Every structure is written in C-alpha cells, then in structure tokens.
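This report covers strand pairing, nonpolar packing and charge-ring contacts in one protein model. The model is predicted.

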Amino acid sequence: MLLLAGGCGLCSPSAAEPADPHIAEAVSINIDQVSPSLVLIEYTAGEEKRNANGAIIMMDEVAYLVLNQHILLSAERVSFTPLSGERLKPSRVELSSNMDLVRMPISNNLPGLECGNSTKMNMTITLLTCANDEEEVLTPSRIIGIGGTKFEIDKPFTNDNNGAPALDNDARVIGIATQKKEFSKTAMKYETRFDEGPRHFCARLDKVRWQRVNWKHYNHLF
C-alpha cells in the first residue's frame, strides 16, 4: 500500500509556515556526467517496433545494464545502445523476483551510475530520459507516494521512457521508471489527485531481489 502525502507536492511553504525537513533541496545535475550511462532500447513485439530506456548502474562493483523485465520477456528482438553509440551485448541475465526489473552485466568500459538507498516523501528526484533518438532530458519531479517496492512521482513519463533512471540530488539511482497505471474513476476519488488520470511509478532499487536465469532462453534476442 502506498503512503500518500497530503497537499500539493510541488507547492513551496509560505513564509509563515515552517519548512518541511523531508523536502530535499533542488540542486543541478550535470547532464554531461550522467547521460553516458543512459541506454536506448529498441525492440520488436509482434510486428510493432518499440523504444524504451535503460541505465548502466554499478552494483556490487559490477556494471549492470538495468531495464524493465516486461520488455525483455515480450521482445522478439532487442538492441541496447548507449549514447556513446557502442552497442551492448550482455552475457548473463538476472531477473528480479519481486519487481519489473532485469539486470545484465556488461563488459564494455562505460561509466555506471551509483546506487542510492534513500527515499522520502516530497523528496526531489530527477528522471533521466531519452526517446526515439531525441536529446536526453532531465525532468525534475517529487516523490508523492512510497510503497514497499515502488514509489510514485508527480511528473508523467511515456512508455518510451520505461526503464529510465530516477536520480537523487547526488545523481545516484534510487529507482527505475516502471509503470504508468490507469485507475478506474469512482466517487471516492472525485476531486482528488487520484481523479486526474494515470499515475506514474518507479521501482525501488534498494528493495530488489535478484535471481540468475538460464542464458540460453535469452541469447537469441540480441
């Protein structure tokens, strides 16, 4: 169950109100430093060509390509291209047993983002995205709900941005964009923020359980 914040996550406290200690100070992230770790994903599902994002992340001193599990499981062919242009060809697959995530170690000498483990209500995060070979974009957002394995953010992302890393103010990855979810309209949600359309979630990297799977089932995709 998500823990929901009251009020507007984007509103600044007035001069008469004390500052919320859980609201992180917004700082500038250097896109030139983080964008080399962003990976563009192109894959086919049926006859449809689709795009998504992934990220190179350091975990246990190993550089992994991390992306959404549903992309790998639904793809008939898939390619991974970092912004440097050198395509990645993984040699092992590890699936999350509790989230929509997969990680694959890479041997390319590419920079990886560090992991963070702090998630707080109203915390400022930045989503690093790129879609359809367009320029990479840093989108500031705030955490407006926290659950056991995911957190909700207040800025939308598209299906092409699934797999994009969510960065804290030290440019560490604390989550992966994983789900845009439509909710049915009910009278209880009327005139609340839950009546405003789809909600957007990121998988928490500090809560992932990984398990290695048989590489032969996936090698043909690349």
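## Strand β2 and its partners

β2 and strand β5 (residues 77–82) are paired antiparallel over 6 bridges. Within this pairing, Glu-42 faces Ser-79 of β5. β2 is also joined to strand β3 (residues 48–59), again antiparallel, by 8 bridges. Here Ala-45 stands opposite Glu-48 of β3.

The hairpin made by β2 and β3 has 2 residues between the strands, and Gly-46 adopts a positive phi near 70° in it. Of the 8 residues in β2 (residues 38–45), 6 are buried, so the strand is largely enclosed by the rest of the structure.

## The open sheet

β2, β3 and β5 belong to an open sheet of 7 strands, ordered β5-β2-β3-β4-β7-β6-β14, with antiparallel pairing. The edges are β5 and β14 (210–212); each has a single partner strand, so one side of each has no neighbour in the sheet. On average, neighbouring strands of this sheet are turned by 30° against each other, direction ignored.

Further along the order, β3 and β4 run antiparallel and are connected by 5 bridges. In this pair, Leu-65 of β4 is the bridge partner of Ile-56.

In soluble globular proteins, nonpolar side chains tend to be buried together. The largest nonpolar core in this model has 22 residues, and the members that touch the most others are Ile-41, Leu-65, Leu-67, Val-78, Phe-80 and Leu-88. Two or more residues come from each of β2, β3, β4 (62–67), α2 (69–74), β5 and β7 (102–105). Apart from this core lies another, of 21 residues, which includes Leu-38, Val-66, Ala-203 and Leu-205.

Which residues are in contact with Leu-67, leaving aside its neighbours within four places in sequence? They are Ile-41, Asn-53, Gly-54, Phe-80, Asp-100, Leu-101, Val-102 and Met-104. Of these, Ile-41 and Phe-80 are also named among the core members that touch the most others.

## Aromatic rings and charges

With ring centres required to lie within 6.5 Å for a pair, the count of aromatic pairs is 0. Charges do sit over rings, however, in two places described here. Arg-103 lies over the face of Tyr-64, at 4.1 Å from the ring centre. Lys-150 lies over the face of Phe-201, and the separation from the ring centre is 4.7 Å.

Note on methods. Residues numbered from 1 in each chain as written. Predicted model: local features only at pLDDT ≥ 70, side-chain atom pairs only at ≥ 80, totals over all residues. Heavy atoms only, no water. Buried < 20%, exposed > 50% of the residue type's maximum accessible area, 1.4 Å probe, protein only. Helix = DSSP H or I, 4+ residues; strand = E, 2+ residues; numbered from the N terminus. Pairing = 2+ DSSP bridges. Core = buried A, V, L, I, M, F, W, Y, C linked by side-chain atoms within 4.5 Å. Contact = heavy atoms within 4.5 Å. Phe/Tyr/Trp six-rings, centres within 6.5 Å; stacked < 30°, edge-to-face > 60°. Lys NZ or Arg CZ within 6 Å of the ring centre and 35° of its normal. Axes fitted to C-alpha atoms, helices over the stretch in contact; angles between N-to-C directions.
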